[in-house]
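Please keep the sequence and the structure open while you go through them.

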Amino acid sequence: ADPAPQALTYASAIGEIRTDTLADGSQVTLNTDSEFTVSYSETERRVDLVRGQALFAVAPEARPFTVNAAGTETRALGTMFEIFLGPEDMSVTLIEGSVSVAPKAGGKGQGTGTTTARSEPPAATRLRPGDRLVMRAGHIASLTQVDTQAALSWRSGMLQFQDVTLEDAVTEMNRYSATVIRIDDPDL
């Protein structure tokens with residue numbers, strides 16, 4: 001049996017965007033106020049996204065690369081994808097390659113029904129480049145195509161918004177600064 005692998009923690013400060021190269025050669029770019037832990041075993045490369053947003057450029061190798069976030073599991077062998085862990089949901093955006101996303105059995109947001117040893121594993125959704133899958137409470141909220149260049153504009157310090165409410169835009173902007181923007185007029 002594999003011994004329990006030692007986990008390393010990576011984090012970014014408010015307003016910071018940073019890129020780290022992991023021991024396997026994969027690169028992870030963290031957006032503002034984000035954190036993840038990574039551990040390796042003989043059979044897998046495992047990342048747990050604690051908070052925030054991360055872009056993964058996965059080095060290909062035989063061991064699968066698995067990211068756990070908000071009760072979902074995203075698996076890849078060699079690809080580039082982003083995960084954003086929001087307050088109400090989480091999203092996976094595939095930039096290139098292929099990933100599958102599935103609710104974890106017994107994960108956050110799963111039902112409370114009894115589980116038997118023979119229960120079926122949760123169904124996985126395979127993404128194509130440009131797909132953005134949003135999961136809420138362990139279920140698919142939406143699957144859409146996005147402009148991947150616009151989706152990654154945060155890496156250069158730019159935020160782009162299209163078809164979002166002012167409230168949602170302000171919430172996103174507040175992730176980047178300790179100075180909080182408030183809209184006092186409810187009509188806005």
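1. A residue is called exposed when its relative accessible area is over 50%, buried when that value is under 20%, and partly exposed in between. Please also keep in mind that this is a predicted model.

2. Arg-128 has a relative accessible area of 56%, so Arg-128 is exposed, whereas Asp-131, at 5%, counts as buried. These two residues form a salt bridge in which the closest N and O atoms are 3.9 Å apart.

3. Side chains of opposite charge can pair when their charged atoms come close. The structure holds twelve salt bridges, and one of them joins Arg-18 to Asp-20, with 2.7 Å between the closest N and O atoms. Arg-18 is partly exposed at 28% relative accessibility, while Asp-20 is buried at 11%.

4. Glu-61, which is partly exposed at 27% relative accessibility, meets Arg-63 in a salt bridge of 2.4 Å from N to O. Both residues belong to a network of salt bridges that also links Asp-24 and Arg-45.

5. Where is Ser-98 found? Ser-98 lies in the loop between β9 (90-96) and β10 (99-103), and its relative accessible area of 29% makes Ser-98 partly exposed. Leaving aside residues up to four places away in sequence, Ser-98 touches several residues, including Arg-75, Thr-79 and Arg-126; with the side chain of Arg-126, the Ser-98 side chain makes a polar contact of 2.9 Å.

6. Met-173, found in helix α2 (residues 166-173), is partly exposed at 32%. Met-173 is one of the residues of a nonpolar surface patch, among them Phe-161 and Leu-188, with about 590 Å² of accessible area together for the whole patch.

Definitions and conventions. Residues numbered from 1 in each chain as written. Predicted model: local features only at pLDDT ≥ 70, side-chain atom pairs only at ≥ 80, totals over all residues. Heavy atoms only, no water. Helix = DSSP H or I, 4+ residues; strand = E, 2+ residues; numbered from the N terminus. Buried < 20%, exposed > 50% of the residue type's maximum accessible area, 1.4 Å probe, protein only. Contact = heavy atoms within 4.5 Å. Polar contact = N/O pair within 3.5 Å; in protein donor to acceptor, adjacent residues only side chain to side chain. Patch = residues over 30% accessible without salt bridge, like charges linked within 9 Å, V, L, I, M, F, W, Y side chains within 5 Å. Areas by Shrake-Rupley, 256 points an atom, 1.4 Å probe, with all protein chains shown as cover. Salt bridge = Lys/Arg side-chain N within 4 Å of Asp/Glu carboxyl O.
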